[in-house]
Amino acid sequence: MLQFTLSGKHAKNLVKALENINEDAVFKFDRDGLSVSVSDTFRNRLLEIHLPADFFSVYSCEGSIDLGIIISRLREVTKTLKAKDEVTGSFDAEEPNFLVLVANGIRRRVRLVNTDLLKSPPPMIYDDFIYTVEVPAASVNDFLKAASTFHTVDVSVVKDSFTVTSQEGEEEVSMQFQADDVSLSLEMSDSLTTHGITDLTKGLSTIADTVTIRGGPTIPIAFGWSWGASSQLTCYVTRWE
């Protein structure tokens, strides 16, 4: 048996974050909360979400429950929600093909997908990040909007600064943070990597407050942020060779 209640704001963010990566996902519920890991078809971006039990206003889960969900079916529920609204969900093993959602007095039975048909990507585990930097989410969003017509982004990290640049021909958009202005930790040598602007824009669609960025010259770049109450989201974006 599973029961939960989530605010309209967070339910909409959850759907937005996931539908920018793929059209379906396996939702893993247990007594500790909800975890979802999803990647795009080409594994250029991978999003890991963990919402602890105390992130929900009501949460109860007996054992471990994996639900295969088509994200668009959730959007049909969340698209009319306001931030102050709530959505309540329940799942009963006696009716294993449906997740029941109730919002604003409307009850919807969402048909589930066999989880054997959906493949959750393996977790991204790296211990060779050579830098960590914390920057305001607003600055990242502003940069992505300004560079939306470009194709790639160069991320350069040296001892004293963190620089992100997008350039095509003679046109360029960039932002730079000095080590004294942000929390920048650099181990080993400098780093320069290139990533797809579309992968970044879609992967970071719900960033908030402060974004922790980690990376290195030979591994995907990782962006971490929170929606509050110990929630944790991490998006990995691969390098362009």
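Strands E1 and E5 pair in the antiparallel sense over four bridges. Two strands count as paired if DSSP finds at least two bridges between them, and strands (E, at least two residues) and helices (H or I, at least four residues) are DSSP runs numbered from the N terminus. Within this pair, Thr-5 stands opposite Val-58 in E5.

The structure is a predicted model, in which local features need pLDDT of at least 70 and side-chain atom pairs count only at pLDDT 80 or more, while totals for chains, interfaces and linings use all residues. Residues are numbered from 1 along each chain as its sequence is written, and side-chain values use heavy atoms, with hydrogens and water left out.

**Overall form**

The secondary structure of the protein chain comes to four helices and 18 strands. The radius of gyration of the chain is 19 Å, close to the 18 Å that the globule rule gives for 241 residues, so the chain is as compact as a globular protein of that length. This radius is taken over C-alpha atoms, and the globule rule is 2.2 Å times the number of residues to the power 0.38. Along the principal axes, the C-alpha atoms fill a box of roughly 60 × 35 × 30 Å.

**The sheet of five strands**

The pair E1 and E5 belongs to an open sheet of five strands with antiparallel pairing, in the order E5-E1-E7-E8-E9. Strand E5 (58–61) and strand E9 (106–111) stand at the edges with a single partner strand each, so one side of each is left without a neighbour in the sheet. Neighbouring strands of this sheet are turned by 20 degrees against each other on average, direction ignored. For such angles, axes are lines fitted to C-alpha atoms, for helices over the stretch in contact, and the values run from 0 to 180 degrees between N-to-C directions.

Two helices lie across this sheet's strands. Helix H1 lies across E1 and strand E7 (86–91), running at about 100 degrees to E1. Helix H2 lies across E7, E8 and E9, and runs at about 175 degrees to E9. Contact here means heavy atoms within 4.5 Å.

**The sheet of four strands**

Another open sheet has four strands in the order E13-E12-E11-E15, and its pairing is antiparallel. Strands E13 and E15 (191–196) stand at the edges, each with a single partner strand, so one side of each is left without a neighbour in the sheet. The twist averages 15 degrees from one strand to the next.

Strand E12 pairs with strand E13 (residues 171–178) in the antiparallel sense over eight bridges, and Phe-162 stands opposite Phe-177 in E13. These two strands form a hairpin with two residues between them, and Gly-169 in the turn has a positive phi of about 60 degrees. Six bridges join E11 to E15, where Thr-193 in E15 is the bridge partner of Val-155. Helix H3 lies across E11, E12 and E13, running at about 170 degrees to E13.

Rolling a probe the size of a water molecule over the atoms shows where empty space is left. On a 1 Å grid over the protein atoms alone, a cavity is a set of points where a 1.4 Å probe fits but cannot get out, and a pocket is an open set with protein on both sides within 12 Å along at least five of seven lines; lining residues have an atom within 4 Å of a point. Grid points are joined across faces, edges and corners, and a volume is the space filled by probe spheres set on the points.

The structure holds two cavities of 30 Å³ or more.

| Space | Volume | Lining residues by class |
|---|---|---|
| Largest cavity | About 160 Å³ | 15 nonpolar, one polar, no charged |
| Second largest cavity | About 100 Å³ | twelve nonpolar, no polar, no charged |
| Largest pocket | About 210 Å³ | five nonpolar, five polar, four charged |

In these classes, Ala, Val, Leu, Ile, Met, Phe, Trp, Tyr, Cys and Pro count as nonpolar, Asp, Glu, Lys and Arg as charged, and the others, Gly among them, as polar.

Of the 16 residues that line the largest cavity, Phe-4, Leu-6, Leu-14, Leu-74 and Leu-101 are the closest to its centre. The elements that give two or more residues to this lining are E1 (2–7), H1 (8–19), E2 (24–30), H2 (71–78) and E8 (98–103).

The lining of the second largest cavity includes Val-155 and Phe-162. H3 gives the most to this lining, with three residues.
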